[in-house]
Amino acid sequence: MASNSNASSGSVSRSRTSGTPQMVCYHNELAPLRVVRHPGPNMGKRFYGCPHWPRTCGFFQWLDECNDIRDLQYQLLEKECIISELQHENDILKAEVGNLKKKLSQKQDVVDELSIECTERSLLMDEMFAKRRITYVLLFSWVFFAVCFWLKA
């Protein structure tokens, strides 16, 4: 068991006591911190193992690898928080874009109404100028007729 360093992916930390993390084995029970007592290159090295030794669930984790895993878990948690914050910010921006589109649509409606009103006023002004021209033409023609009639008489 001391030389087997795989099967660490299912471990989870519950809490920290006295500077060392408490690991949970695949049975979801606290895995005790143990020390390799057999002579060899790993003698004295600390590890977590299943509390049901020798009929174990296969959980094994070197203590020094726990810190690496904890660092990675912390980095993953940080990245998940950043992603969550960015998603929240994205949702806020999407809502703001929706509001701006709604305001743009309302402003476009006002512009369309003003455009129609301007066109109507322009047509009315053209009609008024045409009526004035007709009035001036009639007035000058009557004046011309009166002057011609006066000069003949």
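Let's start with confidence, since this is a predicted model. Among the elements of the chain, strand β1, residues 12–17, has the lowest mean pLDDT, at 42. Helix α1 has the highest, at 90. Over residues 1–18 the pLDDT is below 50, although this stretch does have 48 contacts in the model beyond near neighbours in sequence. For the chain, the average pLDDT is 82, and 82% of the residues score at least 70.

How much of the chain is buried? Of its 153 residues, 13% count as buried. The accessible surface comes to about 12,500 Å², and 61% of that belongs to carbon and sulfur atoms.

Next, the inside. Which residues make up the largest nonpolar core? There are seven: Met23, Cys25, Ala31, Tyr48, Cys50, Phe59 and Leu63. Take Ala31 as an example. Leaving aside neighbours within four places in sequence, Ala31 is in contact with Met23, Val24, Cys25, Tyr48, Gly49, Pro51 and Phe59.

In soluble globular proteins, nonpolar side chains tend to be buried together. Now look at the surface here. Tyr136, Leu139, Phe140, Val143, Val147, Trp150 and Leu151 form a nonpolar patch, with about 810 Å² of accessible area together. Is Trp150 buried or exposed? The relative accessible area of Trp150 is 65%, and the cut-off for exposed is over 50%, so Trp150 counts as exposed.

Key:
Residues are numbered from 1 along each chain as its sequence is written. This is a predicted model: local features need pLDDT of at least 70, side-chain atom pairs count only at pLDDT 80 or more; totals for chains, interfaces and linings use all residues. Side-chain values use heavy atoms; hydrogens and water are left out. Patches are made of residues with over 30% relative accessible area and no salt bridge: like charges are joined within 9 Å, nonpolar side chains (Val, Leu, Ile, Met, Phe, Trp, Tyr) within 5 Å. Accessible areas come from the Shrake-Rupley method with a 1.4 Å probe; for residues, only the protein chains shown count as cover. A salt bridge is a side-chain nitrogen of Lys or Arg within 4 Å of a carboxyl oxygen of Asp or Glu. Buried means under 20% relative accessible area, exposed over 50%, partly exposed in between (1.4 Å probe, protein chains only). A nonpolar core is a set of buried Ala, Val, Leu, Ile, Met, Phe, Trp, Tyr and Cys residues joined through side-chain atoms within 4.5 Å. Contact means heavy atoms within 4.5 Å. pLDDT is the predictor's confidence in each residue, from 0 to 100. Helices (H or I, at least four residues) and strands (E, at least two) are DSSP runs, numbered from the N terminus.
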